[in-house]
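I wanted to see how they pair up and where the partners sit.

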Amino acid sequence: MRDRFSTGVVRVLPVLLAALLTGCTQSAAGTDGGTAAVKPSGARASGFGAVFLAVDECSSFGKASFTEVPCSGERAAARVVARHDGTTADGPPCPATTDFVLHISEQSRVSDEDGDGAVPQGYACMRNLQPPHPGDPGGGGGPRTIVGDCVYGSGSGQVRETACDGTGARKPQYKVVKAVVARNRCPLSTALYVQLGGAQPVGCARPL
């Protein structure tokens, strides 16, 4: 699941709890939200594009490592919906409904199997080819918290995302119903402010 610290609080204690609630990310920020380090075996896999895991290419199943495979093959598990060089801390955020992020390790020409290229450090935003899609609103996972997602208090002023339908390990306590530019734009029913990032960085969450 993607971890998110709330930047807001229940209205009865706005000052005390606001100091405790800060935004958090997952391994594009953590290891429990579907991200995985990728150690590619080569800069180019034979028969694929010039860029390792470029947009619209597919990865195999795996936990600790992934390989690029034909999207029509039986080993294909997820498709690249966005690809960026560098780190997630410095680069653009993944699309809202990304299911998980692959962090791609830098690889030099010398270590390339084919000796014909190099893999720069980067990350690929992935979408599963088949359900479930934890990145969908209410899905309980993915690298971003978006409108429609649910969270629960995890202690120390933090919240974590969980499935809105109750199928997750923890019962949802709040649901993000709106994204706005500032807290004062949230509905009066808002009980929690969640940091979302992007052009509308404040999530207005109501209790369930």
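Below are my notes on the disulfides.

I'm working with a predicted model, where local features need pLDDT of at least 70, side-chain atom pairs count only at pLDDT 80 or more, and totals for chains, interfaces and linings use all residues. Residues are numbered from 1 along each chain as its sequence is written, and side-chain values use heavy atoms, with hydrogens and water left out.

I found four disulfides (a disulfide is a pair of cysteine sulfur atoms within 2.5 Å). With the bonded cysteines numbered in sequence order, the pairing reads 1-2, 3-4, 5-6, 7-8.

I looked up Cys-58 and Cys-71: their sulfurs are 2.0 Å apart, and the link is right-handed, with 105 degrees about the S-S bond. Cys-58 lies in strand S3 and Cys-71 in the loop between strands S4 and S5, so the pair ties together parts 13 residues apart in sequence (strands are DSSP runs of E, at least two residues, numbered from the N terminus). Cys-58 is buried at 1% relative accessible area, while Cys-71 is partly exposed at 27% (buried means under 20%, exposed over 50%, partly exposed in between, with a 1.4 Å probe and protein chains only).

Next I checked Cys-150 and Cys-164, S to S 2.0 Å. The torsion is about 105 degrees, so this disulfide is right-handed. Cys-150 is buried at 1%; Cys-164 is partly exposed at 26%.

Then I turned to Cys-186 and Cys-204, with sulfurs 2.0 Å apart. Here the torsion is about -80 degrees, so the disulfide is left-handed. Cys-186 sits in the loop between S10 and S11, Cys-204 in strand S12, 18 residues apart. Both cysteines, Cys-186 and Cys-204, are buried.

Definitions and conventions. Helix = DSSP H or I, 4+ residues; strand = E, 2+ residues; numbered from the N terminus.
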